[in-house]
Amino acid sequence: MASSTVAASQPKPLQITQVRTFVIQGVGSGGDYHNVKGGHWLIDSPISTPMSGWDRYRSSRTSWGINVLGSFCVQIEASNGTKGFATGFGGPPACWLVKQHLERFLMGADPRDTNSLFEQMYRASMFYGRKGLPVAVISVVDLALWDLKGKLWNEPVYRLLGGTTRDRLHFYCTGPEPAAAKQMGFIGAKVPLPYGPGEGQVGLQKNVDFLQRHRESVGPDFPLRVDCYMSLNVPYTIQLVQACGHLNIDWWEECLTPDDSDGFEQIKRAHPTVKFTTGEHEYSRYGFRRLIEGRNLDILQPDVMWVGGMTELQRISAMASAYDIPVVPHASGPYSYHFVVSQPNAPFQEYLANSPDGKSVLPVFGDLFVNEPIPSKGYLDVSELDKPGFGLELNPNAKLVSGDDLLKNPSPRVGLVPPSSKQEKDEGMVSGEY
(Lines give C-alpha, C1' and ligand atoms only; values in the text may rest on other atoms or scores of the structure.)
Protein backbone atom coordinates (compact mmCIF):
# COMPACT_ATOMS: atom_id res chain seq x y z
CA MET A 1 0.00 0.00 0.00
CA ALA A 2 2.82 2.37 0.92
CA SER A 3 4.69 1.74 -2.34
CA SER A 4 1.62 2.53 -4.39
CA THR A 5 1.17 5.79 -2.47
CA VAL A 6 4.78 6.78 -3.16
CA ALA A 7 4.37 5.96 -6.86
CA ALA A 8 1.20 8.00 -7.03
CA SER A 9 2.92 11.01 -5.46
CA GLN A 10 5.81 11.07 -7.92
CA PRO A 11 5.53 13.84 -10.52
CA LYS A 12 4.73 12.83 -14.05
CA PRO A 13 7.67 13.07 -16.46
CA LEU A 14 7.73 16.21 -18.58
CA GLN A 15 6.95 15.45 -22.22
CA ILE A 16 6.26 17.26 -25.46
CA THR A 17 2.58 16.88 -26.20
CA GLN A 18 2.07 19.10 -29.24
CA VAL A 19 4.11 20.52 -32.11
CA ARG A 20 2.49 23.17 -34.32
CA THR A 21 3.83 25.05 -37.32
CA PHE A 22 2.71 28.27 -38.98
CA VAL A 23 3.47 30.44 -41.96
CA ILE A 24 2.90 34.18 -41.89
CA GLN A 25 0.49 35.76 -44.32
CA GLY A 26 1.82 38.80 -46.16
CA VAL A 27 5.28 40.38 -45.95
CA GLY A 28 7.45 42.19 -43.42
CA SER A 29 6.93 39.88 -40.46
CA GLY A 30 8.82 36.90 -39.08
CA GLY A 31 12.18 35.25 -39.65
CA ASP A 32 12.60 35.60 -43.43
CA TYR A 33 14.64 38.81 -43.60
CA HIS A 34 14.04 39.25 -47.31
CA ASN A 35 10.26 38.81 -47.37
CA VAL A 36 9.63 42.56 -47.33
CA LYS A 37 7.63 45.04 -49.39
CA GLY A 38 8.89 46.22 -52.74
CA GLY A 39 11.19 49.20 -52.62
CA HIS A 40 12.93 48.06 -49.44
CA TRP A 41 16.69 48.66 -49.59
CA LEU A 42 17.36 45.01 -48.75
CA ILE A 43 15.83 43.71 -51.98
CA ASP A 44 15.56 46.62 -54.41
CA SER A 45 18.88 48.46 -54.22
CA PRO A 46 22.02 47.56 -56.21
CA ILE A 47 23.53 44.56 -54.39
CA SER A 48 26.02 42.11 -55.88
CA THR A 49 24.75 38.52 -55.59
CA PRO A 50 25.60 35.12 -57.05
CA MET A 51 22.96 35.92 -59.71
CA SER A 52 24.52 39.22 -60.80
CA GLY A 53 26.10 37.50 -63.80
CA TRP A 54 22.70 37.76 -65.51
CA ASP A 55 21.41 41.23 -66.39
CA ARG A 56 17.80 40.31 -65.74
CA TYR A 57 18.50 39.43 -62.09
CA ARG A 58 20.47 42.54 -61.07
CA SER A 59 17.72 45.06 -60.37
CA SER A 60 15.98 43.21 -57.54
CA ARG A 61 16.89 40.23 -55.42
CA THR A 62 13.30 39.05 -55.52
CA SER A 63 13.67 38.57 -59.30
CA TRP A 64 15.64 35.38 -58.65
CA GLY A 65 13.60 34.30 -55.64
CA ILE A 66 15.42 35.35 -52.47
CA ASN A 67 12.06 35.59 -50.68
CA VAL A 68 10.45 32.56 -52.27
CA LEU A 69 10.12 30.52 -49.07
CA GLY A 70 8.88 33.11 -46.60
CA SER A 71 8.76 33.00 -42.81
CA PHE A 72 7.63 30.11 -40.70
CA CYS A 73 7.14 29.51 -36.98
CA VAL A 74 7.18 26.56 -34.59
CA GLN A 75 5.30 26.21 -31.32
CA ILE A 76 6.11 23.33 -28.96
CA GLU A 77 3.92 22.56 -25.95
CA ALA A 78 4.96 20.54 -22.89
CA SER A 79 2.72 18.32 -20.78
CA ASN A 80 2.42 21.03 -18.10
CA GLY A 81 1.02 23.49 -20.64
CA THR A 82 4.18 25.58 -21.11
CA LYS A 83 4.82 26.62 -24.72
CA GLY A 84 7.97 27.57 -26.61
CA PHE A 85 7.85 29.54 -29.84
CA ALA A 86 10.37 30.55 -32.50
CA THR A 87 10.47 31.89 -36.04
CA GLY A 88 12.79 31.45 -39.02
CA PHE A 89 12.47 30.94 -42.76
CA GLY A 90 11.17 28.02 -44.76
CA GLY A 91 7.47 28.61 -45.45
CA PRO A 92 5.22 25.64 -46.32
CA PRO A 93 8.14 23.27 -47.09
CA ALA A 94 9.40 23.82 -43.53
CA CYS A 95 5.97 22.97 -42.14
CA TRP A 96 5.97 19.78 -44.20
CA LEU A 97 9.39 18.70 -42.92
CA VAL A 98 8.37 19.22 -39.30
CA LYS A 99 5.09 17.37 -39.67
CA GLN A 100 6.21 14.50 -41.87
CA HIS A 101 9.67 13.90 -40.43
CA LEU A 102 10.93 15.83 -37.39
CA GLU A 103 7.81 15.63 -35.24
CA ARG A 104 8.39 11.91 -34.54
CA PHE A 105 11.54 12.74 -32.57
CA LEU A 106 9.79 15.42 -30.51
CA MET A 107 6.46 13.95 -29.46
CA GLY A 108 6.74 12.30 -26.05
CA ALA A 109 10.32 13.47 -25.55
CA ASP A 110 11.54 15.60 -22.66
CA PRO A 111 11.87 19.13 -24.14
CA ARG A 112 14.88 19.83 -21.94
CA ASP A 113 16.95 17.21 -23.79
CA THR A 114 18.01 19.61 -26.52
CA ASN A 115 21.35 17.91 -27.26
CA SER A 116 19.74 14.54 -27.87
CA LEU A 117 16.84 15.98 -29.87
CA PHE A 118 19.17 17.96 -32.12
CA GLU A 119 21.31 14.90 -32.84
CA GLN A 120 18.28 12.81 -33.72
CA MET A 121 16.83 15.40 -36.07
CA TYR A 122 20.17 16.17 -37.72
CA ARG A 123 21.27 12.56 -38.18
CA ALA A 124 17.87 11.37 -39.39
CA SER A 125 17.88 14.05 -42.10
CA MET A 126 21.48 13.58 -43.23
CA PHE A 127 20.47 11.64 -46.32
CA TYR A 128 18.79 14.74 -47.72
CA GLY A 129 20.02 17.47 -45.39
CA ARG A 130 23.31 18.42 -43.68
CA LYS A 131 22.98 21.96 -45.06
CA GLY A 132 20.37 24.36 -46.39
CA LEU A 133 16.67 24.20 -45.66
CA PRO A 134 16.59 20.99 -43.56
CA VAL A 135 19.13 22.39 -41.08
CA ALA A 136 17.37 25.77 -41.08
CA VAL A 137 14.13 24.01 -40.14
CA ILE A 138 15.89 22.10 -37.34
CA SER A 139 17.26 25.46 -36.17
CA VAL A 140 13.79 26.91 -35.62
CA VAL A 141 12.65 23.78 -33.80
CA ASP A 142 15.74 23.99 -31.61
CA LEU A 143 15.11 27.68 -30.83
CA ALA A 144 11.52 26.87 -29.84
CA LEU A 145 12.88 24.21 -27.47
CA TRP A 146 15.27 26.72 -25.90
CA ASP A 147 12.42 29.20 -25.49
CA LEU A 148 10.43 26.44 -23.80
CA LYS A 149 13.34 25.49 -21.52
CA GLY A 150 13.74 29.07 -20.38
CA LYS A 151 10.05 29.31 -19.56
CA LEU A 152 10.12 26.00 -17.70
CA TRP A 153 12.97 27.23 -15.51
CA ASN A 154 11.73 30.83 -15.42
CA GLU A 155 15.09 32.06 -16.72
CA PRO A 156 16.20 33.99 -19.82
CA VAL A 157 18.02 31.83 -22.36
CA TYR A 158 21.32 33.63 -21.81
CA ARG A 159 21.28 32.38 -18.22
CA LEU A 160 20.91 28.81 -19.47
CA LEU A 161 23.95 29.41 -21.70
CA GLY A 162 26.16 30.33 -18.76
CA GLY A 163 25.05 33.81 -17.78
CA THR A 164 26.09 37.23 -18.96
CA THR A 165 29.59 38.40 -19.81
CA ARG A 166 28.66 42.11 -19.90
CA ASP A 167 26.00 44.61 -18.89
CA ARG A 168 25.53 46.17 -22.31
CA LEU A 169 25.43 44.74 -25.83
CA HIS A 170 26.84 46.94 -28.60
CA PHE A 171 25.79 46.74 -32.26
CA TYR A 172 27.03 47.61 -35.68
CA CYS A 173 24.44 48.29 -38.37
CA THR A 174 24.07 46.71 -41.80
CA GLY A 175 22.27 49.05 -44.15
CA PRO A 176 22.56 51.36 -47.16
CA GLU A 177 23.71 54.49 -45.31
CA PRO A 178 26.73 54.19 -42.96
CA ALA A 179 26.43 57.88 -42.09
CA ALA A 180 22.93 57.25 -40.73
CA ALA A 181 24.23 54.28 -38.72
CA LYS A 182 26.93 56.47 -37.19
CA GLN A 183 24.40 59.16 -36.35
CA MET A 184 22.15 56.57 -34.64
CA GLY A 185 25.01 55.55 -32.34
CA PHE A 186 26.10 52.24 -33.86
CA ILE A 187 29.75 51.29 -33.33
CA GLY A 188 30.26 50.48 -37.02
CA ALA A 189 28.47 50.09 -40.33
CA LYS A 190 28.37 47.53 -43.14
CA VAL A 191 27.22 48.17 -46.69
CA PRO A 192 26.36 45.70 -49.45
CA LEU A 193 28.75 45.73 -52.39
CA PRO A 194 26.76 46.93 -55.43
CA TYR A 195 28.64 45.36 -58.37
CA GLY A 196 30.14 41.96 -59.10
CA PRO A 197 32.64 40.39 -61.51
CA GLY A 198 30.05 40.21 -64.28
CA GLU A 199 30.14 43.98 -64.59
CA GLY A 200 33.86 43.96 -65.30
CA GLN A 201 36.42 46.68 -64.63
CA VAL A 202 33.78 49.38 -64.95
CA GLY A 203 31.81 47.76 -62.14
CA LEU A 204 34.97 47.33 -60.06
CA GLN A 205 35.74 51.05 -60.33
CA LYS A 206 32.13 51.84 -59.41
CA ASN A 207 32.61 49.72 -56.27
CA VAL A 208 35.71 51.70 -55.34
CA ASP A 209 33.90 55.00 -55.93
CA PHE A 210 30.90 53.78 -53.93
CA LEU A 211 33.05 52.83 -50.94
CA GLN A 212 35.05 56.05 -51.26
CA ARG A 213 31.85 58.09 -50.89
CA HIS A 214 30.81 56.16 -47.80
CA ARG A 215 34.27 56.44 -46.26
CA GLU A 216 34.12 60.21 -46.72
CA SER A 217 30.63 60.32 -45.17
CA VAL A 218 31.72 58.68 -41.89
CA GLY A 219 35.28 59.90 -41.55
CA PRO A 220 38.60 58.02 -41.65
CA ASP A 221 38.31 55.95 -38.48
CA PHE A 222 34.67 54.81 -38.18
CA PRO A 223 34.57 51.03 -38.82
CA LEU A 224 33.28 50.50 -42.36
CA ARG A 225 32.63 46.93 -43.51
CA VAL A 226 31.63 45.43 -46.86
CA ASP A 227 29.21 42.54 -47.48
CA CYS A 228 29.91 40.73 -50.77
CA TYR A 229 27.14 38.11 -50.39
CA MET A 230 28.95 35.12 -51.94
CA SER A 231 29.19 36.97 -55.26
CA LEU A 232 32.92 37.34 -55.99
CA ASN A 233 35.76 35.03 -57.06
CA VAL A 234 39.36 34.86 -55.92
CA PRO A 235 41.00 37.10 -58.61
CA TYR A 236 38.30 39.76 -58.36
CA THR A 237 38.47 39.81 -54.56
CA ILE A 238 42.24 40.21 -54.57
CA GLN A 239 42.01 43.04 -57.08
CA LEU A 240 39.13 44.83 -55.34
CA VAL A 241 40.74 44.69 -51.90
CA GLN A 242 43.95 46.05 -53.41
CA ALA A 243 42.07 48.89 -55.11
CA CYS A 244 40.42 49.84 -51.82
CA GLY A 245 43.56 49.66 -49.71
CA HIS A 246 43.43 53.40 -49.01
CA LEU A 247 39.87 53.26 -47.65
CA ASN A 248 40.61 51.49 -44.34
CA ILE A 249 37.86 48.86 -44.81
CA ASP A 250 37.44 47.08 -41.48
CA TRP A 251 36.48 43.72 -43.00
CA TRP A 252 35.40 42.06 -46.24
CA GLU A 253 32.52 39.67 -45.71
CA GLU A 254 31.48 36.53 -47.56
CA CYS A 255 33.52 37.31 -50.68
CA LEU A 256 33.38 33.75 -52.04
CA THR A 257 30.92 30.91 -52.37
CA PRO A 258 30.67 29.12 -49.01
CA ASP A 259 32.19 25.94 -50.45
CA ASP A 260 35.42 27.58 -51.66
CA SER A 261 37.48 27.07 -48.51
CA ASP A 262 40.67 26.89 -50.60
CA GLY A 263 39.77 30.27 -52.06
CA PHE A 264 39.70 31.83 -48.59
CA GLU A 265 43.25 30.61 -48.14
CA GLN A 266 44.29 32.29 -51.40
CA ILE A 267 42.76 35.68 -50.63
CA LYS A 268 44.21 35.63 -47.12
CA ARG A 269 47.64 34.81 -48.53
CA ALA A 270 47.33 37.73 -50.95
CA HIS A 271 46.20 40.14 -48.19
CA PRO A 272 47.44 38.75 -44.86
CA THR A 273 46.75 41.93 -42.88
CA VAL A 274 43.18 42.39 -44.17
CA LYS A 275 40.25 40.96 -42.20
CA PHE A 276 38.00 38.47 -44.01
CA THR A 277 34.80 37.05 -42.54
CA THR A 278 32.18 34.48 -43.53
CA GLY A 279 29.78 31.88 -42.15
CA GLU A 280 26.32 33.30 -42.67
CA HIS A 281 25.51 30.58 -45.20
CA GLU A 282 27.43 27.74 -43.58
CA TYR A 283 25.69 24.99 -41.64
CA SER A 284 26.42 22.88 -38.56
CA ARG A 285 29.65 22.41 -36.62
CA TYR A 286 30.93 20.17 -39.39
CA GLY A 287 30.69 22.98 -41.91
CA PHE A 288 32.49 25.37 -39.58
CA ARG A 289 35.22 22.93 -38.58
CA ARG A 290 37.16 23.40 -41.82
CA LEU A 291 36.71 27.18 -41.72
CA ILE A 292 38.08 27.27 -38.19
CA GLU A 293 40.96 24.86 -38.72
CA GLY A 294 42.09 26.69 -41.87
CA ARG A 295 42.81 29.86 -39.84
CA ASN A 296 42.11 31.99 -42.91
CA LEU A 297 39.15 33.86 -41.43
CA ASP A 298 39.25 36.59 -38.83
CA ILE A 299 35.62 36.45 -37.69
CA LEU A 300 32.88 33.80 -37.99
CA GLN A 301 29.28 34.85 -38.66
CA PRO A 302 26.86 31.94 -38.20
CA ASP A 303 23.14 32.63 -38.32
CA VAL A 304 21.45 30.91 -35.36
CA MET A 305 18.18 30.56 -37.32
CA TRP A 306 20.00 28.63 -40.06
CA VAL A 307 23.12 26.97 -38.64
CA GLY A 308 21.38 24.44 -36.38
CA GLY A 309 19.90 26.59 -33.65
CA MET A 310 21.31 27.50 -30.26
CA THR A 311 22.44 23.94 -29.60
CA GLU A 312 24.77 23.86 -32.59
CA LEU A 313 25.86 27.49 -32.30
CA GLN A 314 27.28 26.78 -28.85
CA ARG A 315 29.44 24.00 -30.28
CA ILE A 316 30.70 26.22 -33.09
CA SER A 317 31.54 28.97 -30.63
CA ALA A 318 33.46 26.56 -28.42
CA MET A 319 35.54 25.38 -31.40
CA ALA A 320 36.21 28.94 -32.50
CA SER A 321 37.28 30.02 -29.01
CA ALA A 322 40.02 27.38 -29.02
CA TYR A 323 41.50 29.19 -32.04
CA ASP A 324 40.82 32.69 -30.65
CA ILE A 325 38.44 33.44 -33.52
CA PRO A 326 35.61 35.84 -32.57
CA VAL A 327 32.01 34.88 -33.34
CA VAL A 328 29.73 37.71 -34.48
CA PRO A 329 26.40 36.15 -35.48
CA HIS A 330 24.50 37.20 -38.56
CA ALA A 331 21.33 39.12 -37.63
CA SER A 332 18.62 36.86 -36.01
CA GLY A 333 17.45 39.49 -33.54
CA PRO A 334 16.96 38.47 -29.90
CA TYR A 335 18.03 34.89 -30.59
CA SER A 336 21.51 36.20 -31.31
CA TYR A 337 21.40 38.73 -28.48
CA HIS A 338 21.00 36.01 -25.84
CA PHE A 339 23.89 34.08 -27.34
CA VAL A 340 26.29 37.00 -27.71
CA VAL A 341 25.90 38.35 -24.16
CA SER A 342 26.76 34.89 -22.81
CA GLN A 343 29.95 34.40 -24.84
CA PRO A 344 33.38 35.88 -24.06
CA ASN A 345 34.46 35.48 -27.71
CA ALA A 346 31.42 37.29 -29.16
CA PRO A 347 32.39 40.98 -28.90
CA PHE A 348 29.31 42.63 -30.43
CA GLN A 349 26.25 41.94 -32.59
CA GLU A 350 24.89 42.86 -36.02
CA TYR A 351 21.70 44.83 -36.40
CA LEU A 352 20.19 44.36 -39.86
CA ALA A 353 18.32 47.58 -40.68
CA ASN A 354 14.68 46.62 -41.13
CA SER A 355 13.27 49.99 -42.15
CA PRO A 356 12.64 50.44 -45.90
CA ASP A 357 15.30 53.16 -46.22
CA GLY A 358 17.64 51.65 -43.62
CA LYS A 359 17.84 54.91 -41.68
CA SER A 360 15.85 54.02 -38.56
CA VAL A 361 15.69 51.17 -36.06
CA LEU A 362 12.71 48.83 -36.24
CA PRO A 363 12.12 45.31 -34.82
CA VAL A 364 14.00 42.65 -36.80
CA PHE A 365 10.92 40.40 -36.90
CA GLY A 366 8.51 43.17 -37.86
CA ASP A 367 5.20 43.04 -36.00
CA LEU A 368 5.35 39.33 -35.12
CA PHE A 369 6.07 40.15 -31.46
CA VAL A 370 4.76 43.04 -29.37
CA ASN A 371 7.91 43.48 -27.26
CA GLU A 372 10.96 42.69 -29.38
CA PRO A 373 13.96 44.50 -27.85
CA ILE A 374 15.82 46.77 -30.27
CA PRO A 375 19.04 48.74 -29.84
CA SER A 376 18.87 52.40 -28.88
CA LYS A 377 21.88 54.65 -29.52
CA GLY A 378 23.68 51.56 -30.79
CA TYR A 379 23.35 49.39 -27.70
CA LEU A 380 20.99 47.29 -25.62
CA ASP A 381 21.15 46.85 -21.87
CA VAL A 382 21.25 43.16 -20.99
CA SER A 383 18.56 43.75 -18.37
CA GLU A 384 16.10 44.12 -21.27
CA LEU A 385 16.58 40.40 -21.94
CA ASP A 386 15.62 39.39 -18.38
CA LYS A 387 12.43 37.52 -19.21
CA PRO A 388 11.82 33.75 -19.34
CA GLY A 389 12.95 32.08 -22.55
CA PHE A 390 13.69 34.56 -25.29
CA GLY A 391 11.20 36.91 -23.66
CA LEU A 392 9.18 37.46 -26.84
CA GLU A 393 5.42 37.90 -26.62
CA LEU A 394 3.53 36.87 -29.74
CA ASN A 395 1.38 39.59 -31.29
CA PRO A 396 -2.24 38.42 -30.94
CA ASN A 397 -2.93 40.04 -34.31
CA ALA A 398 -0.09 38.24 -36.09
CA LYS A 399 -1.29 36.84 -39.41
CA LEU A 400 -0.40 33.22 -38.71
CA VAL A 401 -1.67 30.43 -40.94
CA SER A 402 -1.60 26.97 -39.40
CA GLY A 403 0.77 24.54 -41.08
CA ASP A 404 -1.83 21.82 -40.59
CA ASP A 405 -4.16 23.71 -42.92
CA LEU A 406 -1.42 23.70 -45.57
CA LEU A 407 -0.84 19.97 -45.25
CA LYS A 408 -4.30 18.55 -45.84
CA ASN A 409 -2.87 16.55 -48.75
CA PRO A 410 0.00 14.34 -47.54
CA SER A 411 3.04 13.43 -49.61
CA PRO A 412 2.18 11.84 -52.98
CA ARG A 413 2.20 8.05 -53.08
CA VAL A 414 3.20 7.84 -56.73
CA GLY A 415 5.90 9.49 -58.75
CA LEU A 416 5.09 12.88 -60.21
CA VAL A 417 5.02 13.14 -63.99
CA PRO A 418 7.28 15.98 -65.23
CA PRO A 419 5.22 18.66 -66.99
CA SER A 420 5.74 19.31 -70.67
CA SER A 421 7.60 22.45 -71.76
CA LYS A 422 4.33 23.96 -72.96
CA GLN A 423 2.62 23.20 -69.65
CA GLU A 424 5.47 24.86 -67.74
CA LYS A 425 5.11 28.01 -69.84
CA ASP A 426 1.34 28.07 -69.42
CA GLU A 427 1.35 27.55 -65.67
CA GLY A 428 4.46 29.55 -64.76
CA MET A 429 6.00 29.53 -61.32
CA VAL A 430 3.99 29.42 -58.11
CA SER A 431 4.18 32.69 -56.18
CA GLY A 432 6.00 32.76 -52.83
CA GLU A 433 3.32 35.01 -51.28
CA TYR A 434 0.76 33.60 -48.85
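This is a predicted model: local features need pLDDT of at least 70, side-chain atom pairs count only at pLDDT 80 or more; totals for chains, interfaces and linings use all residues.
Q: How many residues does helix α5 have, and how far does it reach?
A: Helix α5 covers residues 133-152, which makes 20 residues. From its first C-alpha to its last it reaches 29 Å, close to the 28 Å expected at 1.5 Å a residue.

Q: Why is α5 described as largely enclosed by the rest of the structure?
A: Of the 20 residues of α5, 17 are buried, so the helix is largely enclosed by the rest of the structure. Buried here means under 20% relative accessible area.

Q: Turning to strand β4, how many of its residues are buried?
A: Five of the seven residues in β4 (residues 168-174) are buried, and the strand is thus mostly covered.

Q: Which way do β4 and β11 run, parallel or antiparallel?
A: They run antiparallel, with three bridges joining β4 to β11 (residues 379-381). R168 has D381 as its bridge partner in β11.

Q: And how many bridges join β4 to β10?
A: Four bridges join β4 to β10 (residues 349-352), and these two strands run parallel. For Y172, the bridge partner in β10 is E350.

Terms used:
Residues are numbered from 1 along each chain as its sequence is written. Side-chain values use heavy atoms; hydrogens and water are left out. The expected span of a helix is 1.5 Å times one less than its number of residues. Buried means under 20% relative accessible area, exposed over 50%, partly exposed in between (1.4 Å probe, protein chains only). Two strands pair if DSSP finds at least two bridges between them.
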